[in-house]
Amino acid sequence: MDLSDPMQFWLLLFAVAGIAFILGRSMREREPGESRVERRMREARQALEQFGALSSDKQAEVDALVRDNRIIEAIKLVREESGMGLKDSKDAVDARRRELKGM
């Protein structure tokens with residue numbers, strides 16, 4: 001394969017990226033026998049538990065931001081107060097938003 005040809009280079013790069021994506025998806029953290037829906041439900045439950053660890057003042061502040069549709073600011077606040085990562089903070093805010101919609 002001649003990688004000096006730009007078309008072949010991009011095709012090879014695309015193929016490698018596709019394989020990496022597929023491998024990454026297949027190696028996600030999953031409980032044995034757990035489906036995607038079950039994993040998402042478990043993650044949402046864990047996120048709400050972590051949200052519950054925040055002080056009641058901060059929970060009220062996050063709720064107000066969610067009601068005002070200021071989701072990014074709510075995620076930032078959860079990250080700052082809990083020390084969670086971006087994905088976990090986003091999951092917590094999303095789970096809380098779904099919980100507030102159901103009320």
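## Helix packing and the nonpolar core

Ala 53 is located in the loop that joins H2 and H3. The model described here is a predicted one. Ala 53 has a relative accessible area of 67% and is therefore classed as exposed, the cut-off for that class being over 50%. Between Ala 53 and Ser 82 the C-alpha to C-alpha distance is 7.9 Å, although the two are 29 residues apart in sequence.

Two packed helices are described by the angle between their axes and by the distance between those axes. Helix H3 spans residues 56-67 and helix H4 spans residues 71-82. The two pack at an angle of about 160°, and their axes are 8 Å apart. Because angles over 145 degrees count as roughly antiparallel, H3 and H4 are placed in that class. Their crossing is left-handed. On the H3 side the contact is made by Lys 58, Glu 61, Val 62, Leu 65 and Val 66. These residues meet Ile 71, Glu 73, Ala 74, Leu 77, Val 78 and Glu 81 in H4. By class, the residues of the contact of H3 with H4 comprise 7 nonpolar and 4 charged, with no polar residue.

The loop between H3 and H4 contains Asn 69. The phi angle of Asn 69 is near 60°, which is a positive value in a residue other than glycine. Asn 69 has a relative accessibility of 60% and so counts as exposed.

H4 also packs with H5, the helix formed by residues 86-102. The axes of H4 and H5 cross at roughly 120° and come within 9 Å. H4 and H5 are therefore oblique to each other. The crossing in which H4 passes H5 is right-handed. H4 contributes Ile 71, Ala 74, Ile 75, Val 78 and Arg 79 to this contact, and H5 contributes Leu 86, Ser 89, Lys 90, Ala 92, Val 93 and Arg 97. The contact of H4 with H5 has 7 nonpolar residues, 1 polar residue and 3 charged residues.

Ile 75, a residue of helix H4, has a relative accessibility of 10% and so counts as buried, the limit being under 20%. Leaving aside residues up to four places away in sequence, Ile 75 touches Leu 86, Ser 89, Lys 90 and Val 93. Ile 75 and Lys 58 are separated by 17 residues in sequence and by 12 Å in space, C-alpha to C-alpha.

A further helix pair is formed by H3 and H5, which pack at an angle of about 75° with their axes 10 Å apart. H3 is therefore roughly perpendicular to H5. Asp 63, Val 66 and Arg 67 of H3 make this contact with Val 93, Arg 96, Arg 97 and Leu 100 of H5. The contact of H3 with H5 divides into 3 nonpolar and 4 charged residues, and no polar residue takes part.

In soluble globular proteins, nonpolar side chains tend to be buried together. In this model the largest nonpolar core has 15 residues. The residues with the most contacts inside this core are Val 62, Val 66, Ala 74, Val 78, Ala 92 and Val 93. At least two residues of the core are supplied by each of helix H2 (36-52), H3, H4 and H5. H4 provides the largest share, 5 residues. For Val 78, residues up to four places away in sequence again being left out, the residues touched are Leu 54, Val 62, Gly 83, Met 84, Ser 89, Ala 92 and Val 93.

Arg 42 is buried, with a relative accessible area of 12%. Arg 45 has a relative accessible area of 48% and is partly exposed. Arg 42 is 57 residues from Glu 99 in sequence, and their C-alpha atoms are 15 Å apart in space. For Arg 45 and Ala 92, the separation in sequence is 47 residues and the C-alpha to C-alpha distance is 8.7 Å. Ala 92 is also among the residues with the most contacts inside the largest nonpolar core.

Note on methods:
Residues are numbered from 1 along each chain as its sequence is written. This is a predicted model: local features need pLDDT of at least 70, side-chain atom pairs count only at pLDDT 80 or more; totals for chains, interfaces and linings use all residues. Side-chain values use heavy atoms; hydrogens and water are left out. Axes are lines fitted to C-alpha atoms, for helices over the stretch in contact, and angles run from 0 to 180 degrees between N-to-C directions. Helices (H or I, at least four residues) and strands (E, at least two) are DSSP runs, numbered from the N terminus. Angles under 35 degrees count as roughly parallel, over 145 as roughly antiparallel, 65 to 115 as roughly perpendicular and the rest as oblique. A crossing is left-handed if the near helix is turned anticlockwise from the far one by less than a right angle, and right-handed if clockwise. Contact means heavy atoms within 4.5 Å. Ala, Val, Leu, Ile, Met, Phe, Trp, Tyr, Cys and Pro count as nonpolar, Asp, Glu, Lys and Arg as charged, and the others, Gly among them, as polar. A nonpolar core is a set of buried Ala, Val, Leu, Ile, Met, Phe, Trp, Tyr and Cys residues joined through side-chain atoms within 4.5 Å. Buried means under 20% relative accessible area, exposed over 50%, partly exposed in between (1.4 Å probe, protein chains only).
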